[in-house]
Amino acid sequence: GATATPIFSQVIDLLEDESKLFSKIRRRIKSNINRGLRALNLRVFSGKELTWDYMDEFRQLHILQSGRETRSEASWRRQLEMVQTGDAFLVQGHIDDELVSSGFFINSKTNCYYLSSASRRDLFQQPLFHAIMWTAILQAKKLGCRWFEVGEQIFPNYLKGQIPTKKELDISDFKAGFGGDTCMFLDLKLDCSGGKPNAR
């Protein structure tokens with residue numbers, strides 16, 4: 001009773017050393033990473049060092065840039081718990097003590113996945129999130145993860161049966177710029193109509 005849909009994701013092999021990982025990043029993104037490293041005061045939060053005050057700072061930035069609250073406060077508090085239990089980490093970037101970009105990444109012993117982020121839209125002319133992503137890649141490597149999953153890859157003629165928007169294609173292109181390989185996974189959905197899965 002299950003249906004399988006192919007999805008594509010950009011995955012980086014963290015067994016390679018830092019210089020090799022950086023060499024596989026697109027030239028423009030490398031430049032933006034370096035600019036971001038110079039402009040931002042970057043901090044990685046993991047374990048008990050992350051408090052609600054820091055997570056709420058990320059939440060408020062997300063609300064400000066989204067124009068509305070897209071998720072409940074309870075979901076943000078669950079993210080805080082994930083960091084405190086070692087299942088995720090947070091990377092923040094400040095300019096003059098003001099949070100301008102932040103990213104949330106979940107991790108296991110072998111894999112790390114970029115989950116969500118927020119950045120000041122009025123500062124988009126500056127490469128804010130590039131340095132956040134690169135810092136997260138290095139943090140995942142430090143934690144001993146084998147794979148870093150940048151996120152879903154979308155192509156002009158395929159988006160789960162829909163035509164992708166320019167914004168979706170641009171985000172996909174941005175993620176691909178950090179190197180790695182495009183891998184295919186199967187998204188399995190089980191038909192549980194009637195309360196029981198169909199079986200043969």
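Partly exposed residues are those whose relative accessible area lies between the buried class, under 20%, and the exposed class, over 50%. All views below show a predicted model.

**View 1. The salt bridge between Arg120 and Glu98.** The closest N and O atoms of Arg120 and Glu98 are 2.7 Å apart, and the two side chains form a salt bridge.

View 2. Seven strands, in the order β2-β3-β4-β5-β6-β1-β7, make up an open sheet with mixed pairing. Strands β2 (41-45) and β7 (181-190) stand at the edges, and because each has a single partner strand, one side of each is left without a neighbour in the sheet. On average, and with direction ignored, neighbouring strands of this sheet are turned by 30° against each other.

**View 3. The pairing of β4 with β5.** Strand β4 (residues 98-107) and strand β5 (residues 111-119) run antiparallel and are joined by seven bridges. Within this pairing, Phe104 stands opposite Ser116 in β5.

**View 4. Two helices lying across the sheet strands.** Helix α3 (residues 52-66) lies across β2, β3 (88-95), β4 and β5, and runs at about 110° to β4. Helix α5 (residues 128-142) runs at about 35° to β4 and lies across β1 (2-13), β2, β3, β4, β5 and β6 (147-152).

**View 5. The salt bridge between Asp13 and Arg146.** The structure holds nine salt bridges, and one of them is formed by the side chains of Asp13 and Arg146, at 2.9 Å from N to O. Asp13 lies in strand β1 and Arg146 in the loop between α5 and β6, so the pair ties together parts that are 133 residues apart in sequence. Both residues are partly exposed, Asp13 with a relative accessible area of 23% and Arg146 with one of 30%.

**View 6. The salt-bridge network around Arg59 and Glu69.** A network of salt bridges links Asp56, Arg59, Glu69, Glu73 and Arg77. Because Glu69 lies in the loop between α3 and α4 (73-84) and Arg59 in helix α3, the pair ties together parts that are 10 residues apart in sequence. Arg59 counts as buried at 9% relative accessibility, whereas Glu69 is partly exposed, with a relative accessible area of 41%.

Conventions: Residues numbered from 1 in each chain as written. Predicted model: local features only at pLDDT ≥ 70, side-chain atom pairs only at ≥ 80, totals over all residues. Heavy atoms only, no water. Pairing = 2+ DSSP bridges. Helix = DSSP H or I, 4+ residues; strand = E, 2+ residues; numbered from the N terminus. Axes fitted to C-alpha atoms, helices over the stretch in contact; angles between N-to-C directions. Contact = heavy atoms within 4.5 Å. Salt bridge = Lys/Arg side-chain N within 4 Å of Asp/Glu carboxyl O. Buried < 20%, exposed > 50% of the residue type's maximum accessible area, 1.4 Å probe, protein only.
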